[in-house]
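Keep the model open while you read.

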Amino acid sequence: MNGLINGGWDYVNAAYSIVWFVLISYGIFAWKQSRPNQEKLP
Amino acid sequence: MGRFLDLGLFIIASGLLLLGSIWGLWIAPPEAMMGDVYRIMFVHVPSAWAALMAYTTCLVASVIYLFSGKSGADHVAAASAEVGLVFNALLLITGSLWGRPTWGVWWTWDPRLTTAAIMFFAYAGYLALRGAIDDDRRRSTWCAVVGIIIYADIPIVWFSVKMWNSLHQLQSSPKTMDPAMVTPLRIGAFAFLFAFLWLVRRRVVALRLRAQNDILMMNEGDPR
Amino acid sequence: MSIQAHHLARRYGRHWALRGISLTIQRGESVFLRGANGAGKTTLLRVLSTALQPSQGTLCLFGLDAQTHYHEIRQRLALITHHTHLYEALTAHENLVLLKNYGLILSTQELQSALARVNLKKHAHRPVSEFSAGMRRRLGLARMLLQKPELVLLDEPFGQLDVDGVQLQEEIITDFKQRGVTIIMSTHDHDRGYALCDRELWLDGGILRGATP
Amino acid sequence: MNFLRSGWATLQKDMRIEWRGRARAQGALCFATLVLLLFSFAAGPDAVTLGRHAPGYVWLAILLTSTLSLSESMRVEMDDRALEGLRLLPVDMRGFFLGKLVSNALFLCCIALILFPMSFALFEVKPTLGFARLAGVVLSGSMAISAPGTIYATMATQLKARDILFPMLLFPVLVPALVASVKATSLVLFGDPMHEFGGWMSVLVIFAFVYSILGIVLFERIVEE
């Protein structure tokens with residue numbers, strides 16, 4: 001199945017995991033920050 | 001209205017991301033030369049497009065702010081620069097992960113890579129400047145100016161790095177485009193586009209809330 | 001009509017220094033601006049001089065909108081604060097010649113007489129970095145005289161000046177009044193404020209508390 | 001008319017202030033030569049390597065010195081709010097920017113005037129294509145550094161975290177200017193068999209031109225806030 005490069009799946013998995021992780025955590029951050037009750041002043 | 005838009009953007013973005021990942025990881029066939037590594041392309045290339053789109057949005061919003069003085073434009077500029085930085089980081093990481101198995105190095109002075117890295121630091125500086133100014137008028141105007149200055153640099157960096165690089169090595173990115181591979185790439189592009197839209201909207205809402213809060217403080221509390 | 005301000009507000013970060021100031025000042029009026037420290041006097045004067053942009057509200061000076069026509073407006077006003085707008089490395093004389101280089105119409109004789117009036121003639125060729133705070137204020141006064149303003153904004157004009165300097169300042173203000181120059185002056189010296197001005201504005205916590213018409 | 005007059009007045013004033021503050025300029029010069037020496041120490045005593053990288057060392061030394069000289073030249077304007085005084089005069093801020101830009105660039109040229117002969121001695125290189133071309137590179141390189149540098153210095157000197165923010169903002173933007181100056185200089189020093197000198201010079205000139213125009217257009221907006 002593989003082409004000239006072996007073991008490419010490690011890199012692919014790492015790349016997809018990082019993309020998903022970053023997008024999900026940044027998404028949660030963006031969502032939390034944009035809720036009105038979170039912005040009440042101390 | 002805004003609620004439905006947000007929800008719709010969120011559902012489309014996450015659905016397309018999921019679909020694109022499944023398609024890219026399992027349905028698309030391995031590539032002849034590079035085997036499975038090329039699958040990184042389905043998240044790598046859309047990150048590049050999304051980052052460039054975000055930076056372009058930042059430029060347009062900056063120009064609009066300088067002409068109109070509307071704080072909404074400033075919020076869009078701030079939000080899109082921040083979101084662009086996130087996509088830029090993803091671009092650099094996935095690019096590195098792609099480069100290691102294909103070229104044997106984590107990093108190379110390819111014009112694309114170099115330009116992306118320089119833009120990352122330029123926009124990191126932009127956001128740092130935003131954080132360093134307390135006065136809101138000053139922050140908006142100065143950051144609008146910086147947004148224009150940085151964007152003007154992108155083509156100059158690109159051409160100069162290309163010229164600089166053409167002397168010692170020529171590194172071409174794979175441009176193989178089988179129809180079976182175009183579909184997941186397209187899905188990825190739309191997934192990142194909608195993710196970008198949703199994220200920018202959330203960030204704009206957050207910034208607007210903060211700004212409104214500051215203005216409310218004017219009437220709050222009797223001064224002595 | 002010299003100044004028309006409508007709901008001027010200005011904030012620094014999260015702190016609102018001015019919280020909605022509306023006022024009208026006629027040509028030739030002299031106004032005493034009083035208020036405690038931190039009441040917003042300096043901010044108001046800086047906003048009225050167009051040196052600082054308001055966060056909200058509109059300002060008209062000489063019937064011109066301050067947002068768009070600030071170039072024309074600035075040719076007709078002068079601002080005196082504890083920052084004297086001087087270059088440390090240049091001499092007193094050079095600092096004034098600078099005004100001429102930048103296009104202010106000004107004869108050598110005028111320049112000399114302004115220096116003489118503020119009693120800096122014998123220090124004219126010393127760099128400003130060697131000057132005391134009071135001498136800098138005097139040089140600032142000379143600068144204001146050369147600008148020939150129609151509106152002067154004075155922030156603590158008697159600060160840092162010696163007895164002669166205070167007297168000189170009073171003379172200049174009276175002189176301006178006689179010539180129909182609009183004056184807005186903030187000072188903690190209430191006696192002088194009431195003596196020199198026709199009208200009072202009382203600023204407290206960024207809003208106008210009271211005013212005599 | 002107003003534009004040129006305020007530009008000339010600014011240039012004159014800056015020259016005079018720079019001359020009065022010679023001690024400061026000498027300090028900057030000292031710093032620049034020290035940086036050049038430090039690069040040589042860091043790169044080791046191999047004369048061939050040093051010679052090959054001489055253009056890079058010189059331009060990095062100029063770049064690092066520029067962060068000092070640019071913010072110093074803007075600090076003079078902010079000290080007693082002198083710039084605010086000029087704004088209220090009112091002075092044409094586009095001309096002011098141009099004058100400031102030229103005076104900053106001339107200062108960097110003076111630095112280069114010391115550093116290049118020094119590098120000829122230290123690294124055993126010489127301008128094979130002649131001094132005229134080297135002067136051209138130095139002049140346009142200084143303009144290219146000063147144009148965005150003056151804009152950023154105006155902002156940075158009014159901030160609390162100026163020492164960190166100024167290089168953080170300036171350096172990424174300056175990458176093409178740095179690459180082009182180093183390349184053009186090494187072509188002047190080591191010969192230009194492929195006729196690339198013109199290309200690199202045009203990158204430098206375009207960079208300097210784009211940022212000078214942006215500065216002239218946008219400077220007033222910066223100082224008005």
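Q: How much area is buried between chain A and chain B?
A: This is a predicted model, in which local features need pLDDT of at least 70, side-chain atom pairs count only at pLDDT 80 or more, and totals for chains, interfaces and linings use all residues. Residues are numbered from 1 along each chain as its sequence is written, chains are lettered from A and ligands numbered from 1 in the order in which they are written, and side-chain values use heavy atoms, without hydrogens or water. Buried area is the accessible area (1.4 Å probe) that two parts lose on being put together, summed over both. Carbon and sulfur atoms give 75% of the area here, and the total between chain A and chain B is about 3100 Å².

Q: Which residue classes make up the side of chain A that touches chain B?
A: Ala, Val, Leu, Ile, Met, Phe, Trp, Tyr, Cys and Pro count as nonpolar; Asp, Glu, Lys and Arg count as charged; the others, Gly among them, count as polar. By that rule, this side of chain A has 20 nonpolar, six polar and three charged residues.

Q: How many salt bridges are there between chain A and chain B?
A: A salt bridge needs a side-chain nitrogen of Lys or Arg within 4 Å of a carboxyl oxygen of Asp or Glu. Over all chains, the whole structure has 36 of them. Between chain A and chain B the count is zero.

Q: Of the chain pairs in contact, which share the most contacts?
A: Contact means heavy atoms within 4.5 Å. Chain A puts 29 residues in contact with 41 residues of chain B. No contact joins chain A and chain D, whose closest C-alpha atoms lie 24 Å apart. Of the five pairs of chains in contact, the most contacts belong to chains A and B.

Q: What percentage of the residues of chain A count as buried?
A: Buried means under 20% relative accessible area, exposed over 50%, and partly exposed in between (1.4 Å probe, protein chains only). Chain A has one helix and zero strands; helices (H or I, at least four residues) and strands (E, at least two) are DSSP runs, numbered from the N terminus. Of its 42 residues, the buried share is 29%.

Q: Which three residues supply 40% of the area that chain C buries against chain B?
A: The contact takes 18 residues from chain C and 14 residues from chain B. The area buried between these chains is about 1500 Å², with 43% from carbon and sulfur atoms. More than any other three residues, the suppliers of that 40% on chain C are C:R11, C:R14 and C:R19.

Q: Which residue of chain B meets C:R11 in a salt bridge?
A: Across the interface of chain C and chain B there are two salt bridges. In one of them the N to O distance is 2.9 Å, and the partner of C:R11 is B:D136.

Q: Which element gives the most residues to the side of chain C that touches chain B?
A: Three residue pairs are in polar contact between chain C and chain B (both at pLDDT 80 or more). A polar contact is a pair of N or O atoms within 3.5 Å; within protein, one must be able to donate a hydrogen and the other to accept it, and residues adjacent in sequence count only if both atoms are side-chain atoms. Elements giving two or more residues to this side are β1 (3-12), β2 (15-25) and β10 (207-211) of chain C. With four residues, the top contributor is β1(C).

Q: Which residues join D:D14 in a network of salt bridges?
A: D:D14 and D:K100 form a salt bridge, their closest N and O atoms being 2.9 Å apart. The pair links helix α1 (residues 2-20) to helix α5 (residues 93-123) of chain D, 86 residues apart. D:D14 is buried at 7% relative accessible area, and D:K100 is buried at 1%. Shared partners join D:D14 into one network with D:K13, D:E77 and D:K100.

Q: Is B:D110 buried or exposed?
A: The side chains of B:D110 and B:R112 meet in a salt bridge (3.8 Å, N to O). B:R112 is partly exposed, at 44% relative accessibility. At 4% relative accessibility, B:D110 counts as buried.
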